[in-house]
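Subject: Structure for your review

Hello,

Here is the structure I said I would pass on. My notes on it follow below.

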Amino acid sequence: MQRPVWSLPLSSAVISKLNRRGYQCTADIEHLTAGQLSTETGVKEEEASEVLDLVDHQRYPVSITALELLQREAELKPIVTFCSELDRALGGGIPLGKTIELCGVPGIGKTQLCLQLAVDVQIPECFGGLGAQCLFIDTEGTFFLERLREMAAAVVRHCSLLTEDQEQQDAMRTFTVEKILSNLFVVRCDDSMELLSQISDLPAFLSDHPEVRLIIIDSIAFPFRLHFEDLPLRTRLLLGAAHQLAALATTRNTTVVMTNQMTTRVQGEGSRLIPALGENWGHAANIRLLLQWIDCKRMATIIKSSSHMSTTVHYQINTDGFRDLSEASKRAKVQTEDQKAVGNS
Amino acid sequence: MVVLRAHMCPGLELQLVRDLREADISTVEELVSADLEALAQKCSVSYKALLAIRRVLLAQHTAFPVSGADLYEDLLSSTAILSTGHPRLDELLDSGLYTGELTELSGGPGTGKTQVCFGVAVHIALHLKQGVIFIDTTGGITATRLHQMLQTESSSLEEQIAALQRIHVFQLFDVFSLLDCLCSLRRSGLQPVAVGGACVRAVIIDSVSAVISPLLGTRHTEGMSLMMQVAALLKALVKDFSVAALCGWGCAPCSGGVLEPPSPHTAAAGGARPEHTQLQLLKVCNAHQVLQTALSHESGV
């Protein structure tokens with residue numbers, strides 16, 4: 001079976017010139033040189049050599065075995081969230097090389113988690129972190145420097161309490177709030193066009209800053225929900241952008257975290273909250289975390305993941321940042337369970 | 001359309017090709033359907049020579065009819081049925097995935113398509129001891145999860161490692177790379193990945209919609225054509241090498257109404273569906289007709 005020329009990534013002008021001279025399949029072109037192709041069809045020499053490059057037998061994607069993939073994954077450390085229950089559910093933390101979507105109602109803590117991750121990715125390697133940098137793309141204007149400072153200070157305090165050996169002491173000398181702030185790149189995008197062009201620029205940005213291991217987009221929904229009348233176009237643009245991000249995440253071992261808003265779906269008599277941006281957007285991210293209120297407590301649920309079980313955990317937001325339900329309330333929970341056990345027996 | 005070239009067959013010299021081109025005959029089809037007597041006079045070459053050339057070209061380029069009985073014998077000897085590892089899923093599919101056929105798995109987000117793909121890959125690599133090609137277009141493949149699944153099926157580390165080596169992963173993110181990959185697999189007869197000694201029995205793509213959906217829905221029809229090209233290549237691959245293909249397609253989750261997967265080669269499922277998330281299995285039999293064995297399953301399959 002032959003591969004038609006129109007299935008190659010060429011411009012339509014070149015394709016029509018090739019077709020006009022009867023070159024419909026790659027098999028027809030393989031044996032020609034660039035010069036011959038150029039004279040026969042009237043395309044420029046550079047275009048002709050580009051065509052031959054694409055038709056060349058030698059280029060094919062390389063595969064790796066699942067064993068090599070496993071070995072590669074074992075070397076990638078996850079990014080901790082500082083909520084131990086959530087970290088346990090995720091197998092250590094947010095995995096590297098995946099795209100993660102955080103959905104939730106306003107005020108539930110999506111931006112707080114993003115800021116926490118922006119600090120946590122910078123924890124030095126001797127403390128079990130990645131010692132990497134972070135890019136924060138802010139579309140809603142919710143990036144508050146003071147809050148980041150608070151969280152950074154809390155993490156620095158936490159690490160200094162854990163310092164034991166010489167290596168960790170040396171690391172603590174440079175791991176300060178100022179250093180954390182300097183390793184964070186912030187970009188402000190005001191509308192969907194700016195966001196899309198920023199996403200297209202990411203490969204170049206990552207080549208210039210190879211230490212960046214986390215890209216946060218807070219939020220990806222906001223620019224696309226304002227002033228977008230053409231919904232099919234919006235879906236296409238979003239899916240294309242998500243796909244670019246997935247490719248980037250996998251090839252550069254970088255994590256991409258995106259926050260999404262919620263919308264209401266009216267069904268018969270009642271209504272329920274679902275993540276915004278449409279139903280097809282659900283396929284975009286590798287992992288989806290839903291943050292919601294249940295019984296006046298904040299809960300995080302993994303609703304989509306190819307490698308984690310669907311679990312729900314408690315978390316809270318305090319002055320230090322994104323944390324577990326506090327020690328005090330954990331103790332209270334254990335006591336009530338003991339009382340119940342004593343009551344039952 | 002095949003362009004006429006010098007030395008394609010004995011008697012077709014460069015000068016003759018040029019003369020034919022001046023007489024407006026540049027492809028094999030045109031030569032075969034032309035009036036040879038008039039052509040012989042125009043190009044000042046003997047009629048017998050042109051007749052001989054036409055006979056050879058026809059022999060080179062026609063497809064030969066095969067009798068139904070031979071076809072049936074061939075099918076019986078070359079078709080294998082691969083179990084998916086889930087007994088109920090096997091029941092749904094009439095014992096499993098058939099080699100020489102393309103099976104599509106479609107469902108909403110979070111319904112378990114990737115898990116089914118992993119399960120099939122693990123089962124074929126571990127129990128059937130055959131190679132699997134896994135083309136990942138979403139970045140969702142996690143070898144840790146594959147290993148976890150292997151650990152529940154077998155306690156021997158050597159077997160787990162051997163199974164992991166039989167699963168070959170391609171991570172591609174656009175439709176042109178997918179076409180390149182499928183073409184090169186076809187051209188090389190699945191050889192580059194048969195290194196471990198195990199011959200490849202299944203090709204799994206998770207998911208085709210990730211590379212095609214961004215191209216559909218515009219005024220231009222390239223998206224559709226590229227999708228049909230992928231489908232045609234896959235079908236040729238499964239037929240030529242007797243492998244089974246399983247491809248995932250992400251569609252909108254269904255919610256009490258009609259499920260409409262955005263893929264033109266499957267008909268929309270009719271009728272009302274219950275509201276919980278569903279995994280829908282559609283079996284594609286040939287490019288022009290879809291046999292829909294759409295049975296709803298709860299997401300705990």
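Over residues 75-262 of chain A, the chain is 49% helix and 16% strand, with 35 Å between the end C-alpha atoms. That range is the one UniProt lists, in an unreviewed entry, as "domain: RecA family profile". Please keep in mind throughout that this is a predicted model.

Domains of chain A

Contact between the chains

Chain A brings 49 residues to the contact and chain B brings 64. About 4600 Å² is buried between chain B and chain A, and carbon and sulfur atoms account for 59% of that area. How many residue pairs are in polar contact between chain B and chain A, counting those with both at pLDDT 80 or more? The count is eleven. Salt bridges between chain B and chain A number zero.

On the side of chain B that touches chain A, the elements that each supply at least two residues include the helices α7 (113-126), α8 (143-153), α9 (157-166) and α12 (222-241), along with strand β5 (167-171). Also among them are α10 (175-187) and α11 (208-212) of chain B. The largest share of this side, nine residues, is from α10(B). By residue class, the side of chain B that touches chain A has 32 nonpolar, 24 polar and eight charged residues.

Salt bridges

Over all chains, the structure holds nine salt bridges. One salt bridge joins the side chains of Arg288(A) and Glu101(A), at 3.1 Å from N to O. This pair links distant parts of the chain, 187 residues apart: Arg288(A) lies in strand β9 (residues 287-294) of chain A, and Glu101(A) in strand β2 (residues 99-104) of chain A. As background, side chains of opposite charge can pair when their charged atoms come close.

Backbone points to check

Each chain has an entry here. In chain A, the peptide bond from Asp218(A) to Ser219(A) is cis, with omega near -10°. Ser219(A) sits in the loop between β5 (212-218) and α12 (222-225) of chain A.

In chain B, the bond joining Asp206(B) and Ser207(B) is a cis peptide bond, with omega about -10°. Ser207(B) is in the loop between β6 (200-206) and α11 of chain B, and α11 (208-212) is one of the elements that supply at least two residues to the side of chain B that touches chain A.

Ser44(B) has a positive phi, near 50°, although the residue is not glycine. Where is Ser44(B) found? Its place is the loop between α3 (36-43) and α4 (47-61) of chain B.

Regards

Key
Residues numbered from 1 in each chain as written. Chains lettered and ligands numbered in written order. Predicted model: local features only at pLDDT ≥ 70, side-chain atom pairs only at ≥ 80, totals over all residues. Heavy atoms only, no water. UniProt positions renumbered as here; feature names shortened; annotations may be inferred. Helix = DSSP H or I, 4+ residues; strand = E, 2+ residues; numbered from the N terminus. Contact = heavy atoms within 4.5 Å. Buried area = accessible area lost by both parts, 1.4 Å probe. Salt bridge = Lys/Arg side-chain N within 4 Å of Asp/Glu carboxyl O. Polar contact = N/O pair within 3.5 Å; in protein donor to acceptor, adjacent residues only side chain to side chain. Nonpolar A, V, L, I, M, F, W, Y, C, P; charged D, E, K, R; others polar.
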